[in-house]
Each structure stands twice: as structure tokens, then as C-alpha cells.
Amino acid sequence: MAASPQNPAAPGPRRKVSRHRGEGQWAAGHFTPLNGNEQFKKDDDGLNVRTRIETIYSKRGFDSIDPNDLRGRMRWWGLYTQRRPGIDGGKTAVLEPEELDDRYFMLRVRIDAGALTTRQLRVIGEVSQEFARGTADITDRQNVQYHWIRIEDVPEIWQRLEAVGLSTVTACGDTPRVMIGSPVAGIAEDEIIDATPALEEMKRRVLNNPAYSNLPRKFKTAISGSPLLDVVHEINDVAFVGVRHPEHGPGFDVWVGGGLSTNPKLGVRLGAWVPIEDVPDVYEGVISIFRDYGYRRLRTRARLKFLVADWGAEKFRQVLEDEYLGGRKLVDGPAPEQPVQQWRDHIGVHRQKDGRFYVGFAPRVGRVDGATLTKIADLAEAHGSGRVRTTVEQKMIVLDVEQDRVESLVEGLEALDLTARPSTFRRGTMACTGIEFCKLAIVETKQRGSTLIDELERRLPDFDEPLTINLNGCPNACARIQVADIGLKGQLVLDDEGRQVEGYQVHLGGALGLEAGFGRKVRGLKVTADELPDYIERVLTRFRAERTEGERFAAWTARASEEALS
């Protein structure tokens, strides 16, 4: 374990201590908190708030919660206050936190690599129905999010989840967030390497560990051995991507410094090939670099992507090797090959390497409910499966289905409005939480995304090109707007009569995997929510008229005129 202020006795490199506060980097001796967030983390480890929730807040109620716990440390256990109903988007940036706070919480259940048993899924559904008014959204990081959670019920919820091996620990906060992974790890026929053993060891080392519970900000991890590049590795703080080394065989290519939000950056390769047994050491080294060298002065610059941008990949790799791997040099390795298909969501029926099949299906923009989740668990078990998965596209998968039971499962899913044969629009549309529950949001997203799917299916029933449409309620890009074919950033806009209404700034032609890059913004292009179906229909009709043979939407938008995109 690397040294840290929480664990000063642990072995680690000796560093020169500087008096200048700089960016608040611990490695330079800058331990004095430079903002309120750093102060409350220094005052008490966020992991410790669980005891207060169990012994004080759940018994005395919402009004007993210390403000630094309410809007800070409780995130270390997956809890955020949700948005008070009735507050319009124009007030999001002007009201004080206590004016935006409802007396209910969002609770995030971390589901590393999206891996669930049907028993776990059933418990998630039961908790939703009993404590969360039926809410249970699937996120684009493979988690499940509840809403309407009362502080009085949190200990009981934890007990129910933990009894089946689930947790909410560090699902939020300045911590190692959920580790996203290939939902078909260990079963896909085309898999380069099964990352599961490495992921389990990574979790063992860092989760609930005070050495990694005070990072400059959140830390996002991805690992996959799939040739489909199915974990959006380019936009994580650290990612391990399956590759075959010409001399050493299957292993992982290391990426660092990706992230979106208001200052998006794609991750960079370190140029290093890592065997699976060394992945946990490299992971622990990268997260320790972030802890020790990460910028803590300004929250807006406290993500790893800013340090990587300042250092560059070569220096980052050198510091990793020299200071955190004990001088061990990493092996140079190849970049991952480009995937042969644009869809990376595992939707549809696919053969497993054991001869059985997995079936991927599409809820609407990740919006499900507890009753539906329990029915999915029942349906999977009725067809001989005990395992399900969530994906980074807000979708789900049932594993281990015998061939003669596949069609019956598909029909059962269709009866739940969970199609394994979705339209392009059902398959490719994602949405963040939006103004319904999120305190940062400006516009509504979930219902609008669902309505948009129906409208586009009606207007363009034969459109079958791969296409992603991502709706976000604010500029923070939780729904990955910059890397969607059509990314929609929520904001207030003026309609034709000069009234301020909900609308979107449009990003066109973003992509991950094939030719990763950020979408193009057309000068002055903003679309009201009501105009959205008309706008997308118009652009897609123009695309089909102008595209060359085999040309993807993203490639067409890069060369199209602003008139064609308006």
C-alpha cells in the first residue's frame, strides 16, 4: 500500500516538502485544505459517516443530519439529497443548496462490471418497491439508482442489500467509484481475456479502504477484455483494455486521464502492456498518483485528466514505474484493434463460449422499476439462468440460456416492453436523471427521451443505421453528450415567441471506439424541447440523402454544411 496522510506508516517514496501551496498536491507537502470540501474530508473520513447514519440520523430523522455529512460525507455511502419538487430549471444555479434539497435521497447501488445474480436483482427490486416508490434506474455506469429514500430506512436497506453481497460503499464521493467492466466477461466467444480476477482483486484492495477514501475528486475505472471495447475506456480516469501482445500473449493496454463534463478530454495510452496478474498493482499505482499528486485547490481542476494533460503520458508512466511500482518497468505494448462493429452494447442473441446463449435487451433510457426488475429475475430463472448483467448503455443482459429456450425468453421480455430486437432509436437513446430528481439539472430528460423514441420510430420506421442520441439535463455530461452521434445538452432557450423554455444545445458526430472524438457544435444551434423530433427527423433525412456508401453519421456530420445540420 502506498503511503498517505491516513496511513503515514505505510511504506512509500520520500518526497521533498514545499511551503508553497500550489495546487494543493499532497506529494508536494500541501496538506492544508484549500476549500470546504477538502476541509470536511480532513475533519473526518467519509467512510465514518455510516456509523452516524445508523446510530443517530436514522433514529432522529432528516433534521438531525450535520450539513457536512448531508452534502458531503454521505456520498461516501451512495447518498445524495434529491431535488425538491416544483423547482424549475431557471433556479438551479441561483438557489442555495438547502433550498434545492428535498428531504429524500437518491441511493446508488454499485454493481461492479454490471454483475448480478437473479437473487440480487430480486432484492434490488424488492427494496425499490418497499422503500423507493418503485424507482430503480439503470445508469450508464452499470449501477442502479433509487429515489425517494428516507434516512430512517437506510440501515434496513443496507442490511437487505449486503445480505446478498451488494453494497453502496463509495458509489459517490471523492472515491473509487464503481468499476465498470464487460458485462460478458468470461462468457463471450470472442473475448481476448477475462478481466474478472483482476477486477475482484482491485475491489479487494481499494473499497472501504481509508488509504483511498480521500481522493481529490471522483475516480472512474474501466476494465474489459472484449474486442468490442465495451466499457467506454476513453472517458475513464484509468482503463485497462484487452490486447494481445505479439510476444507475451493476452493482457491489457493502459489508458489514463479520460473524462467529460464541462472540460472533456479523451484518455491517453501509456503505451504499456500489463499481464492480468499485474493489473491490480498498476491500478493501485494510478489511483495513488491521483491521491498524492492530484490537484485539490480548485474543484474544477481536481480530476486526473488535468494532471495527465499537464504531465503527458511519458512523465505519468515514469512516475508510476519509479515511485509506485518500486522501479519496475512496464512492458511496451500494442494499442487495441478497432472494433469491427459500431454497436458495442451486446443487444440481441449471442452465443457463449460454452454453447449457451446470452440475450441483451433494451429498457427505455434506463428507466425501469422495482416490479419490472423482480419480473426479469423471475423470467431469467424460469429459463434456466441465475445471472444477469447491466451495461454501460443503460441496457441489460440475461446470461446462460439454452438454445431451445431463447425464443421463449425473448417473447417474455417483449411482454415486459423490454425488447431484444429494438429499433435504432430504442437501442441508441440514453438519458441522465434530469430535473425530476437531480439538483444540477435544468431540463427534463427521461420522459422526453422515451417520447422521442416513440416519435422517431413513427416518423422514420425504416431507419436502421447505428445511431446514438444522448440527452443530458445540464452541462455535466453524465449521459456522455460529447461522444454521441447526437448529443443534447439541456439548457433554457428562447422559443419563436421569445419565451424562455426548456431546450438543448446540439452536439453532432461524437464517437467512441471506432474513431473517438467529440461532437461538433453548430454555431448558434439550439433546439426547444418541442422542436426536438422535427429537428432530428430533418437531420437524419438529410444524412440519408447525402451520405456516401457505408458512411457513418459521425463522418457525414464532420463534412456536412452548417445548413444541413441546422
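These questions and answers explain the terms applied to a predicted model.

Author: The model is predicted, so local features need pLDDT of at least 70 and side-chain atom pairs pLDDT 80 or more, while totals for chains, interfaces and linings use all residues. Residues are numbered from 1 along each chain as its sequence is written, and side-chain values use heavy atoms, with hydrogens and water left out.

Reader: Why is the pair of tryptophan 311 and phenylalanine 316 called tilted?
Author: The ring centres of tryptophan 311 and phenylalanine 316 are 6.0 Å apart and the planes stand at 55 degrees, so the pair is tilted.

Reader: Are tryptophan 311 and phenylalanine 316 buried or exposed?
Author: Buried means under 20% relative accessible area, exposed over 50%, and partly exposed in between (1.4 Å probe, protein chains only). Tryptophan 311 has 16% relative accessibility and therefore counts as buried. Phenylalanine 316, at 0%, also counts as buried.

Reader: Why are phenylalanine 425 and phenylalanine 463 called stacked?
Author: Their ring centres lie 5.6 Å apart and their planes meet at 25 degrees, so this pair is stacked. It links distant parts of the chain: phenylalanine 425 is in helix α13 (residues 424-428) and phenylalanine 463 in the loop between α14 (446-459) and β17 (469-472), 38 residues apart. Helices (H or I, at least four residues) and strands (E, at least two) are DSSP runs, numbered from the N terminus. Phenylalanine 425 has a relative accessible area of 1% and is buried; phenylalanine 463, at 4%, is buried. Ring pairs link Phe425, Phe463, Phe543, Phe553 and Trp556 into a cluster.

Reader: How do you know that arginine 133 sits over the ring of tryptophan 148?
Author: A charge sits over a ring if NZ of Lys or CZ of Arg is within 6 Å of the ring centre and within 35 degrees of the ring normal. The charged end of arginine 133 is 3.9 Å from the ring centre of tryptophan 148. Arginine 133 also lies over the face of tyrosine 104, 5.1 Å from that ring centre.

Reader: Why are the buried residues of α7 said to line one face?
Author: Helix α7 (residues 196-206) has Ala198, Leu199, Met202, Arg205 and Val206 buried. Down the axis of α7, these buried residues fall within an arc of 125 degrees, so they line one face of the helix. The arc is that of the directions from the helix axis to the C-beta atoms. Pro197 and Arg204, on the other side of α7, are exposed.

Reader: What makes β1 and β4 edge strands?
Author: Two strands pair if DSSP finds at least two bridges between them. Four strands form an open sheet in the order β1-β2-β5-β4, with antiparallel pairing. Within that order, β1 (79-83) and β4 (137-138) each pair on one side only. Two bridges join β4 to β5 (residues 144-149), and aspartate 137 stands opposite glutamine 145 in β5.

Reader: Why is serine 58 called buried?
Author: Serine 58, in helix α2 (residues 49-60), has a relative accessible area of 11% and is therefore buried.

Key:
Phe/Tyr/Trp six-rings, centres within 6.5 Å; stacked < 30°, edge-to-face > 60°.
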